[in-house]
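Please keep the view at hand while reading the points in order.

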2 protein chains.
Amino acid sequence: MAASAPVFPAAEVFRALASPKRLQILEWLRSPVEHFPPQRDGDLVDDGVCVIYIADKLGVAQPTATSHLQALARAGLVTSKRVGQWTFYKRDEEAIRAFTRRLRDEL
Amino acid sequence: MAASAPVFPAAEVFRALASPKRLQILEWLRSPVEHFPPQRDGDLVDDGVCVIYIADKLGVAQPTATSHLQALARAGLVTSKRVGQWTFYKRDEEAIRAFTRRLRDEL
DNA sequence: TAGAAATATAGTTAGCTAACTATACATCCG
DNA sequence: CGGATGTATAGTTAGCTAACTATATTTCTA
């Protein structure tokens, strides 16, 4: 028999969103070019934004930014892409859309 | 000059939703008659559900249930109505709709 | 290959949260 | 009025989270 399923869309997504800093990151990532300087080894839009840019703009140390980004990734709201020594993070627009759509019906 | 506004829909709403127990409450309150026994001094639908019913069904002590319900109320997701010695809680459907609509556009 | 650069992980600490019990407060009713 | 009932508040504690520094890991480059 199946384990009892969660009530609703994993509270994990809400936990990821329950942080001003993470909401700020998500907002910046909506239009990376407006918010971050050009990148050498990856396209801001296609590949995503590197951790250091986000850490700097957020005003936190790099490990803290990594932690926030990993939380967003676990929740499925962003994806990460390793390119050489860089890790680029970008929004997962499809997952975000699916989430808001499900909210509209089930919340 | 204005104080810096929050990034987005108060993270407080997300914080309220970032709890399986509170999500469970919200779900039960969608159809109170299906989930709670009849009430003497207030209509389950029109007035809301009393704290004790929710505490019992949730499997927590009454003060814990009160705390969850107050969190939901602060987030604007439910409203409370004091009737005599009872406090009834019900969903604020309009506020919830406004929230999901805003999410769709701004998240 | 050695060092520099970007990120991840480990370890620590302060602060918040959820739970409980005890009790105060408010209201009903006999 | 006085006890019972429903809810709220106070106070406590265990566990989680966000932040930091230090360091490990990975990769690039001179």
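1. In what follows, Ala, Val, Leu, Ile, Met, Phe, Trp, Tyr, Cys and Pro count as nonpolar, Asp, Glu, Lys and Arg as charged, and the others, Gly among them, as polar. With that division, the residues of the surface near DNA strand C comprise nine nonpolar, ten polar and two charged, where near requires a C-beta atom, placed from the backbone, within 6 Å of the strand.

2. This is a predicted model, in which local features need pLDDT of at least 70 and side-chain atom pairs count only at pLDDT 80 or more, while totals for chains, interfaces and linings use all residues. Residues are numbered from 1 along each chain as its sequence is written, and chains are lettered from A and ligands numbered from 1 in the order in which they are written.

3. DNA strand C is surrounded by 21 residues, and the closest are Cys50(A), Ile52(A), Pro63(A), Thr64(B) and Gly84(B). At least two residues of this surface come from each of helix H4 (51-58), helix H5 (62-74) and strand E3 (86-91) of chain A and helix H5 (62-74) of chain B, and H5(B) gives the largest share, four residues. Helices (H or I, at least four residues) and strands (E, at least two) are DSSP runs, numbered from the N terminus.

4. Chain A contains six helices and three strands, which follow the pattern α-α-α-β-α-α-β-β-α along the sequence. Its C-alpha atoms fill a box of roughly 50 × 25 × 25 Å, taken along the principal axes.

5. The three strands form an open sheet in the order E1-E3-E2 (chain A), with antiparallel pairing; strand E1 (49-50) and strand E2 (78-83) of chain A are the edge strands, each pairing on one side only. Two strands pair if DSSP finds at least two bridges between them, and two bridges join E1(A) to E3(A). Val49(A) has Tyr89(A) as its bridge partner in E3(A).

6. Of the 107 residues of chain A, 28% count as buried, that is, with 20 or more other C-beta atoms within 10 Å of their own, C-beta atoms being placed from the backbone. Not counting residues up to four places away in sequence, Leu77(B) touches Val13(B), Leu26(B), Arg91(B) and Asp92(B), among others, contact being defined by C-beta atoms, placed from the backbone, within 7 Å.

Note on methods:
Contact = placed C-beta atoms within 7 Å. Buried ≥ 20, exposed ≤ 12 C-beta atoms within 10 Å, placed from the backbone.
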